[in-house]
Amino acid sequence: DTFAFDNDFASLRAEAPAGSAAAHPLLRADSVRGECRVVCFSPRHDLTLAQLDAGAIGAVVDAWARQVAALSQRWQWVQVFENKGELMGCSNPHPHCQVWALDALPNEPRKEDAHQREYLAAHGRALLLDYADLETARGERVVEGSDAWVAVVPFWAVWPFETVLLPRRPVGHLPDLSPAERADLAALLARLLARYDHLFQTSFPYSMGWHGRPPGGG
């Protein structure tokens, strides 16, 4: 079954000593503590997410949610991500993803959190929900859609084949998804990832990451 375990070669460790160095205002470094977990999708070493059926992907989504829920109790930020394939720097051929938890909010999530708070304060609505509605209405960049999710090529895309998956209702993070929304996400992922493989006639290498509300955030 889907299996999660501690990374033996973790980039972050809970017991890392606290400290900082600031030899100059422009030269500053601070220590970061955390945990690194690995989630193997399937006992089959040859099956990527794109090759699993929706039920098996649903087990992966549940594993993501469990990891985020548990690690959010101890850490400021929890990042679920997958670097698929050797071309994306993956050193282990067994299909898997990683979950990193740390005691600091990284730059990109920090900016996303700030901008979404500003938009909510100014408009009284969630930025990403308005954006999902806008793209759905226009239909120009929609790749896949379902009752609970929409996958679009974002207006701000910087990668040649970039997509973003957005829920159609306010959801803080993966643990907050209902069973129906998790099943819907799994089915959409199955279709979307298969499209990448079919488009390039190969097991398409990619980077995928989930950005949710920071623990304790709004």
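Me: What makes Trp-149 and Leu-185 contacts of Leu-165?
Reply: In this predicted model, Leu-165 touches Trp-149, Val-150, Ala-151, Leu-185, Leu-188, Leu-189, Leu-192 and Trp-210, once residues up to four places away in sequence are set aside. The term contact requires heavy atoms within 4.5 Å, and each of these residues is listed as touching Leu-165.

Me: Why is Leu-165 called buried?
Reply: Leu-165, which is found in strand β9 (residues 164-167), has a relative accessible area of 16%. A residue counts as buried under 20%; Leu-165, at 16%, is therefore buried.

Me: What separates the C-alpha atoms of Leu-165 and Ala-190?
Reply: The separation of these C-alpha atoms is 13 Å, and the residues stand 25 residues apart along the chain.

Me: Why is Gln-79 called buried?
Reply: Gln-79 belongs to strand β5. The relative accessible area of Gln-79 is 13%, and the cut-off for buried is under 20%, so Gln-79 is buried.

Me: What makes the pairing of Gln-79 with Trp-210 a polar contact?
Reply: A polar atom of the Gln-79 side chain lies 3.0 Å from the backbone oxygen of Trp-210. The limit for a polar contact is 3.5 Å, so the pair at 3.0 Å is within the limit. Beyond four places in sequence, Gln-79 is in contact with Gln-98, Val-99, Trp-100, Gly-209, Trp-210 and His-211.

Me: How do you know that the span of helix α1 is close to the expected value?
Reply: Helix α1 (residues 54-71) has 18 residues and reaches 26 Å from its first C-alpha to its last. At 1.5 Å a residue, 26 Å is expected, and the span is close to that.

Me: Which contact is found at the start of α1?
Reply: A side-chain oxygen of Asp-53 comes within 3.1 Å of the backbone nitrogen of Gly-55. The cut-off for a polar contact is 3.5 Å, so this pair is within it.

Me: Which residues of α1 are buried, and what covers them?
Reply: The buried residues include Ile-57, Val-61, Trp-64 and Leu-71. Their covering includes β1 (3-6), β4 (34-40), β5 (77-84), β6 (96-102), α4 (179-200) and β10 (206-210).

Me: What lines the second largest pocket?
Reply: This pocket has a volume of about 430 Å³. Of its 22 lining residues, Asn-7, Val-38, Asn-92, His-96 and Gln-98 are the closest to its centre. Two or more lining residues come from each of β1, β4, β5 and β6, and β6 gives the most, with 4 residues. The lining divides into 10 nonpolar, 9 polar and 3 charged residues.

How values were computed. Residues numbered from 1 in each chain as written. Predicted model: local features only at pLDDT ≥ 70, side-chain atom pairs only at ≥ 80, totals over all residues. Heavy atoms only, no water. Expected span 1.5 Å × (residues − 1). Buried < 20%, exposed > 50% of the residue type's maximum accessible area, 1.4 Å probe, protein only. Polar contact = N/O pair within 3.5 Å; in protein donor to acceptor, adjacent residues only side chain to side chain. 1 Å grid on protein atoms, 1.4 Å probe; cavity = no way out; pocket = protein on both sides within 12 Å on 5 of 7 lines; lining within 4 Å. Points joined across faces, edges and corners; volume = space filled by probe spheres on them. Nonpolar A, V, L, I, M, F, W, Y, C, P; charged D, E, K, R; others polar.
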